[in-house]
Amino acid sequence: MIKDNLQHIKSQLPEHVTLVAVSKTKPASDIIKAYDARQLVFGENKIQEMVEKYEQLPKDIQWHMIGHVQRNKVKYMASFVSLIHGVDNFKLLKEINKQAKKHNRTIDCLLQIKIASEDSKFGMSKDDAETILSSEEFSVLQNVKVVGLMGMATFTDNQSQVKEEFIFLTNTFNKLKTLKTKNCNLETISMGMSGDYQLAIKCGSNMIRVGSSIFGARNYN
Ligand SMILES: *Cc1c(COP(=O)(O)O)cnc(C)c1O
């Protein structure tokens with residue numbers, strides 16, 4: 001099942017689009033099924049859960065943190081996380097830099113932009129992102145690199161609203177892309193999930209985060 005789902009999705013994806021298989025709440029045995037079908041990029045939204053899976057599973061897996069990150073937990077993933085999608089404030093970026101430095105590595109990050117109309121979705125404004133990326137304080141951070149933007153559309157059936165939100169993120173990306181420095185080089189637009197990844201790709205996404213269409217519905221009990 002997992003293998004078939006993966007192959008079905010991958011067969012539709014343009015080559016420039018990276019698939020993050022969102023394995024949150026799913027057991028390591030499910031991840032291994034996807035791994036055996038040559039999926040190497042996995043997304044988790046809880047740091048503790050990601051650490052446990054990292055410890056059990058093959059070391060060539062690339063772990064993406066796609067959820068909201070609390071500053072005090074960055075230290076647990078700093079040695080191995082491959083991309084942090086949900087960076088939504090400068091203090092967090094500084095903490096990631098500090099923890100990455102301890103492991104003598106540079107951690108790639110995406111700035112999460114709030115594109116949804118709901119209050120519950122995290123993210124910063126386009127102006128906040130621009131302020132951070134052009135600041136002196138940011139330019140001296142040597143152990144983080146901002147490689148793109150991430151956004152989550154409103155949870156709605158209204159496709160034209162979702163489309164507008166995706167296009168807003170792509171426009172923001174195109175604007176901020178001009179700010180190229182040592183630790184800032186925007187190449188990735190992470191947007192699109194099981195319900196909307198095709199639309200997201202049409203609107204410019206090159207990284208999609210897909211969970212339930214690969215692993216089946218999640219059970220939160
Ligand atoms: C859970 C989650 C996804 C995947 O959602 P599906 O609808 O199962 O594909 C994508 N992005 C984020 C940030 C998530 O938390």
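Me: How far is a nitrogen atom of the ligand from an N or O atom in the side chain of Arg209?

Reply: In this predicted model, the separation between that ligand nitrogen and an N or O atom in the Arg209 side chain is 2.8 Å. A polar contact requires a pair of N or O atoms within 3.5 Å, so the pair at Arg209 qualifies.

Me: How much of the ligand does the protein bury?

Reply: One begins with the area of the ligand taken alone, which is 390 Å². The protein buries 90% of that area.

Me: Which residues are around the ligand, and how do they divide by class?

Reply: The residues around the ligand include Val22, Lys24, Ile66, Met150, Met152 and Met193. Ser194, Val210 and Ser212 are also among them, together with Arg209, Gly211 and Arg218. By class, this shell has 6 nonpolar, 3 polar and 3 charged residues.

Me: Which pocket does the ligand take up, and what is the volume of that pocket?

Reply: The ligand takes up the largest pocket, whose volume is about 690 Å³. This pocket is lined by 27 residues, and the closest to its centre are Lys121, Met152, Ala153, Phe155 and Met193. The lining of the largest pocket comprises 9 nonpolar, 12 polar and 6 charged residues.

Me: What lines the second largest pocket?

Reply: Its lining consists of Asn45, Lys46, Ile47, Gln48, His68, Gln70, Lys73 and Tyr76. These divide into 2 nonpolar, 4 polar and 2 charged residues. The second largest pocket holds about 160 Å³ of space.

Notes. Residues numbered from 1 in each chain as written. Predicted model: local features only at pLDDT ≥ 70, side-chain atom pairs only at ≥ 80, totals over all residues. Heavy atoms only, no water. Near = heavy atom within 4 Å. Polar contact = N/O pair within 3.5 Å; in protein donor to acceptor, adjacent residues only side chain to side chain. Areas by Shrake-Rupley, 256 points an atom, 1.4 Å probe, with all protein chains shown as cover. 1 Å grid on protein atoms, 1.4 Å probe; cavity = no way out; pocket = protein on both sides within 12 Å on 5 of 7 lines; lining within 4 Å. Sits in = over half its atoms within 2 Å of the grid points. Nonpolar A, V, L, I, M, F, W, Y, C, P; charged D, E, K, R; others polar. Points joined across faces, edges and corners; volume = space filled by probe spheres on them.
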